[in-house]
Amino acid sequence: MTALTRGSGRPNQWLRNLNAKIASIPMILTAVVIFLGGTIWTVVYSFTNSKLLPRLSFVGLDQYERLWAAPRWIISIQNLAVYGFFSLVFSLVIGFVLAALMDQKIRFENTFRTIMLYPFALSFIVTGLVWQWLLNPQFGIQSIVRSLGWTSFSFDPLYDADIVIYGILIAALWQGTGLVMCLMLAGLRGIDEDIWKAARVDGIPMWKTYVLIIIPMMRGVFITTLVIIASGIVKVYDLVVAQTSGGPGIASEVPAKYVYDYMFQAQNLGQGFAASTMMLITVAIIIVPWAYLEFGGGRKRG
């Protein structure tokens, strides 16, 4: 078989890297059948009245009307919005500041970097249990501070329905900020040293160098980090179950827990599929702009 087109002498585009294309066929089939097929299957059955087992008994938009009329789902969306906004902002800011400090060629950098990254090696369940103990008013931070003499000190976010989501946010930041720091540090280490020298020669303050030069040059790192954080936000489940199980009451419910409860405990697959579809739309809202920036508009600008 020749890979040359007639007359041109150039390799046929479709026959380039033929072995790699053949080797990738199983992965492509897996992605199409499992991921794409499973997604279509979930969306189709979200319009049915499936209970314990899936069945094609279509009920139109009834599941979605019930979903958006449920106070538990509304609270889940509100919690996800609050958790997502503050998680994005604090993760990026704290992670970048720590990376900038670590980039100053400090002593024992490897030790500090390992300490900061260590929480990411723990599972969400372990992290949730640790912070459940730390935020317990009888055994945790509140008890320790009161034992030191500040008897009126109060810090029990997991037991206050108005601020419980912030208690979960603290645990999430503790676990994920180290990873963000490492990603940012890798981006900073990729900046040409001549740029720093030129900024110092021109007398540009360090903070202006970061804001006006370094951060724009790290656009790809920020976008990748943003997608990693956002995907973790949408599927947050383990931390909530480990710390509060959705309580007090339904104050700390999140969409992923709503889906699990309806599909595997309430035996209402149709409602669970409808909630899953809404989560899929949320993920698409995140992934599509990222894909455009990375592979579409970004390439044209470059």
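This report describes the nonpolar cores, surface patch, salt bridges and backbone features of a predicted model.

## Basis of the model

In this predicted model, local features need pLDDT of at least 70 and side-chain atom pairs count only at pLDDT 80 or more, whereas totals for chains, interfaces and linings use all residues. Residues are numbered from 1 along each chain as its sequence is written, and side-chain values use heavy atoms, with hydrogens and water left out.

## Record annotations and helical spans

UniProt, in an unreviewed entry, assigns the feature "domain: ABC transmembrane type-1" to residues 77-292. UniProt positions are given in the numbering used here, with shortened feature names, and annotations may be inferred rather than shown by experiment. Over residues 77-292 the chain is 72% helix and 0% strand, and the end C-alpha atoms are 26 Å apart. Helices (H or I, at least four residues) and strands (E, at least two) are DSSP runs, numbered from the N terminus.

The unreviewed UniProt entry also places the feature "transmembrane region" at residues 21-47, 80-102, 114-134, 163-188, 209-234 and 273-293. Residues 21-47 are 89% helix and 0% strand, with 37 Å between the end C-alpha atoms. Residues 163-188 are 96% helix and 0% strand, and their end C-alpha atoms lie 35 Å apart.

## Nonpolar cores

The largest nonpolar core has 35 residues, of which Tyr83, Phe96, Met184, Leu188, Tyr210, Ile214 and Met218 touch the most other members. Such a core is a set of buried Ala, Val, Leu, Ile, Met, Phe, Trp, Tyr and Cys residues joined through side-chain atoms within 4.5 Å. Buried means under 20% relative accessible area, exposed over 50%, and partly exposed in between (1.4 Å probe, protein chains only). Two or more residues of this core come from each of α4 (71-102), α8 (164-189), α10 (206-217), α11 (219-234) and α12 (238-243). Helix α8 gives the largest share, 12 residues.

Leaving aside neighbours within four places in sequence, Phe96 is in contact with Ser91, Met184, Leu188, Tyr210, Ile215, Met218 and Phe222, contact meaning heavy atoms within 4.5 Å. Another core of 17 residues lies apart from the largest one and includes Ala70, Trp73, Tyr258 and Met278.

## Nonpolar surface patch

Ile28, Val32, Val33, Ile34, Phe35, Leu36, Ile40, Val44, Leu56 and Phe58 make a nonpolar surface patch of about 1,000 Å². Patches are made of residues with over 30% relative accessible area and no salt bridge; like charges are joined within 9 Å and nonpolar side chains (Val, Leu, Ile, Met, Phe, Trp, Tyr) within 5 Å. Accessible areas come from the Shrake-Rupley method with a 1.4 Å probe, and for residues only the protein chains shown count as cover. Val44 belongs to helix α2 (residues 25-45) and is partly exposed, at a relative accessible area of 33%.

## Salt bridges

The structure holds 8 salt bridges, each being a side-chain nitrogen of Lys or Arg within 4 Å of a carboxyl oxygen of Asp or Glu. One of them joins the side chains of Arg72 and Glu253 (3.4 Å, N to O). Because Arg72 lies in helix α4 and Glu253 in the loop between α12 and α13 (255-264), this pair ties together parts that are 181 residues apart in sequence. Glu253 is buried, with 3% relative accessible area. A network of salt bridges links Arg72, Glu253, Lys257 and Asp261.

Glu109 and Arg189 form a further salt bridge, with 3.1 Å between the closest N and O atoms. Glu109 is in helix α5 (residues 109-117) and Arg189 in helix α8, so the pair ties together parts that are 80 residues apart in sequence. Glu109 is buried at 13% relative accessible area, while Arg189 is partly exposed at 37%. In the salt bridge between Arg200 and Glu193, the closest N and O atoms are 3.8 Å apart; Arg200 is exposed at 54% relative accessibility and Glu193 is partly exposed at 40%.

## Loops and backbone geometry

Most residues other than glycine have a negative phi, and most peptide bonds are trans. Phe108, in the loop between α4 and α5, has a positive phi of about 55° although it is not a glycine; Phe108 is exposed at 54% relative accessibility. Ser245 also has a positive phi of about 55° and is partly exposed at 47%. The loop between α12 and α13 holds Ser245 and also Pro248, which a cis peptide bond joins to Gly247, with omega about 0°.

Gly140 lies in the loop between α6 (124-134) and α7 (141-147) and is buried, with a relative accessible area of 3%. Beyond neighbours within four places in sequence, Gly140 is in contact with Trp133 and Leu134.
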